[in-house]
Amino acid sequence: MNTGLISTRYATALLDYAIERGEQDKVYEAVKMLSQMFWEVPRFGEALHNPILSPAEKKKLILTASGGEVSEAWDRFIDLLLENNRIEKLHYIALRFQDLYRDKNHILSATLTTAVDTDKSVYERLKSIIAKQTGGTVEMTQAVDPSIVGGFILQIGDNRWDASVASQLRRIKNELKEINN
Amino acid sequence: MSNNVIKTSEVSEVLRMQLEGISTDIKFDETGVVMQVGDGVVRIYGLHNAEANELLRFDNGVEAIVMNLEEDNVGAVLLGSSAEIREGSTVKRTNRMASIMAGEGLLGRVINTVGTPIDGKGKVTGELFEMPLERKAPGVVFRQPVDTPLQTGLKAVDSMTPIGLGQRELIIGDRQTGKTSIAIDTIINQRANFEAGNPIYCIYVAVGQKGSTVASTVQTLKEYGAMDYTVVIAANGSDPAAMQYYAPFVGAAIGEYFRDTGRNALVVYDDLSKQAVAYREVSLILRRPSGREAYPGDIFYLHSRLLERAARIISQQEVAEHMNDLPPSLKGKVKGGGSLTALPLIETQAGDVSAYIPTNVISITDGQIFLETDLFNQGKRPAINVGISVSRVGGNAQIKPMKKVSGTLKMDQAQYQELAAFTKFGGDMDKVTAMTIDKGKKNEQLLIQPLHQPMSVEKQVAVLYCGTEGLLRDIPVGKVSEFEKQFLFTLDVNHKETVLDRLKNGEFNDEITAILRKVAADTVKQLQN
């Protein structure tokens, strides 16, 4: 069954409705926060599947996760999802919505991951390079992950530039293993 | 002792050279994020440009194959353990279709679905060519009719359900009826071709079997010297369903390498019912709608596209070179006249051939060899039910003497079985009936053949000639196998050039039959004393 259609349809509807009401930016922020929550707190996603929780409780949970009562459009949208029993699709809808919004406003999302905290200037320079190259707005986040040992990982949209020491070591290990097998 | 000391400089030098060869350039990878993982299937967000059947790679090296392309996610099946893969893990595209590295180096080896050797003999050596797992079957223009026999070495098969190069013959029956044995005996019988310098390469695909069963099959093949020209692909019962589902495709891809380079190959899929079950499992987890017996709608297509790849390629070189869907690795290496013969196996439950998968595969293949538990328990081995076993194209592939000798055999045996059923309760019978029954009984004895003892085609012709011509009427049924032994021994010693070699070359005339009759009469006389 191609259930992928469902999330796209809801996401498109939400975007159109939010634009109509002029609340698209607020909704985008809420959705962004929500999808971050899905990755960071896996139990949040599980809770939405839980049949014991009432729709009202689920709504409260979602609103809290997305930063409180941000906009009427967002509030109504959650009601619609709960009513149509599509709340388990929320994560996909959130991701689809972000993609659609970014496409519409020419926004690129980028993440820079480094092993230690970097200088602000490096970060700003990278951001301006990307912005110049792609000709859009760059929405950049920074993450620190000591497990990459050194170097950096730059994720722009779907594409990833992995210049971390950890991945190079891994590649060397794999290739040596192959040669000496 | 001094020789065993590892010289540090030497090791470092080797390592340094190896390190030089490692590519360090970084490029943009297209990535996606795992949304859901479970039961060997992952759902990925991102990877917007991924193609169907593309190979994906996780950071820890585990690979997956794209099976579902949906609007907001990509469904992929894992070709390894899902232990280290979590929600939020990144996965990247490899821009490669799922494929297998095939070449002569695979002969004598046991590999798994991804091509990793599992026989402990190290890396596969020699030149290897990348063959895609999913590939279109050759078109009508690039084929030629089946007209050359593939000798199984089994009297019952070669005489009544003959198999030709490029044919697809189904072996079907309940568990423990000797399906695998027929396939293994066929592989063992190709030893003669290998020694003669005209090998038929064999590929044995074990799907969902016990590791110990595969090990003992490999041992048998080794004992009979068959591993020299055989590749074994094993996706054991404990492997992920995706590995079991793709194993037959790996067999077909390796077979195609031999087929398209002008050689003959035989691939045994043991068995396709287990593959269908693995595919059902994957499909259900991917939430594809299910149909009859919970199999997905494309289960017929699964088997038909796999078996269509068995073909005899046209021998006209200039036509063969333009074969459709050729992988880039084979460009310029294609030779005409090759073939890929498929022997799929299907396990039935309590003899029920009208279940979904058996009927599908029966309709796809060019005939079937039907094995029965009752016959097996009566000691008739191979336990082939002659009445419902057929070969739709193999008749054209028989050598002339075999065609002449076995022409009436199938009919005779069917008639005998009918009469035998009638006369089971005793009573008088006329002379003609008694004779038919007597001849049938003896033919039945003649067709019995011990395990792993394939017989050359000329010997089969000689023996079956005695049966169909009724030369055994003066000896009791119990002495038929003794007759066979002595008769063949005499022929081998006294008439090798005059009879056996000529039969092998397709000659069949009065001179030969006269000798056969004489030797048979002498042997009968000896046995009567």
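The contact takes 27 residues from chain A and 26 residues from chain B; two residues are in contact if their C-beta atoms, placed from the backbone, lie within 7 Å. The model is predicted: local features need pLDDT of at least 70, side-chain atom pairs count only at pLDDT 80 or more, and totals for chains, interfaces and linings use all residues. Residues are numbered from 1 along each chain as its sequence is written, and chains are lettered from A and ligands numbered from 1 in the order in which they are written.

On the side of chain A that touches chain B, two or more residues each come from helix 1, helix 6, strand 4 (159-164) and helix 8 (165-179) of chain A. Helices (H or I, at least four residues) and strands (E, at least two) are DSSP runs, numbered from the N terminus. Helix 8 of chain A provides the largest share of this side, 7 residues. By class, the side of chain A that touches chain B holds 11 nonpolar, 10 polar and 6 charged residues. Ala, Val, Leu, Ile, Met, Phe, Trp, Tyr, Cys and Pro count as nonpolar, Asp, Glu, Lys and Arg as charged, and the others, Gly among them, as polar.

Strand pairing also links the chains. Strand 4 of chain A and strand 1 (residues 28-38) of chain B run antiparallel and are joined by 3 bridges; strands pair if DSSP finds at least two bridges between them. N159(A) has E30(B) as its bridge partner in strand 1 of chain B. D39(B) is in the loop between strand 1 and strand 2 (41-46) of chain B. The phi of D39(B) is near 55°, a positive value in a residue other than glycine.

Chain A is assigned two stretches, domain 1 (4-103) and domain 2 (107-179); domain bounds come from an automatic or database domain assignment. The C-alpha centres of domain 1 and domain 2 of chain A are 29 Å apart. Helix 1 (residues 4-21) and helix 6 (residues 90-105) of chain A have axes that come within 8 Å and cross at roughly 55°. Axes are lines fitted to C-alpha atoms, for helices over the stretch in contact, and angles run from 0 to 180 degrees between N-to-C directions. Helix 1 and helix 6 of chain A are therefore oblique to each other. Angles under 35 degrees count as roughly parallel, over 145 as roughly antiparallel, 65 to 115 as roughly perpendicular and the rest as oblique. The crossing of helix 1 and helix 6 of chain A is right-handed; a crossing is left-handed if the near helix is turned anticlockwise from the far one by less than a right angle, and right-handed if clockwise. Helix 1 of chain A contributes S7(A), T8(A), Y10(A), A11(A), T12(A), L14(A) and L15(A), and helix 6 of chain A contributes Y92(A), I93(A), R96(A), F97(A), L100(A) and Y101(A). These contact residues divide into 9 nonpolar, 3 polar and 1 charged.

Chain B is assigned domain 1 (1-96), domain 2 (105-398) and domain 3 (402-528). The C-alpha centres of domain 2 and domain 3 of chain B are separated by 32 Å. Their contact takes 21 residues from domain 2 of chain B and 22 residues from domain 3 of chain B. On the side of domain 2 that touches domain 3, helix 2 (155-160) and helix 3 of chain B each supply at least two residues. Helix 2 of chain B gives the most, with 5 residues. This side of domain 2 of chain B has 8 nonpolar, 8 polar and 5 charged residues.

Chain B also holds an open sheet of 8 strands, with mixed pairing and the order 8-12-11-13-14-10-15-16. Strand 8 (110-111) and strand 16 (390-391) of chain B stand at the edges, each with a single partner strand, so one side of each is left without a neighbour in the sheet. Strand 15 (residues 367-371) and strand 16 of chain B pair in the antiparallel sense over 2 bridges. Q368(B) has V390(B) as its bridge partner in strand 16 of chain B. Helix 3 (residues 179-189) of chain B runs at about 160° to strand 13 (264-270) of chain B.

Two cis peptide bonds follow. One joins D270(B) and D271(B), with omega about -10°. D271(B) lies in the loop between strand 13 and helix 7 (272-285) of chain B. The bond from R381(B) to P382(B) is also cis.
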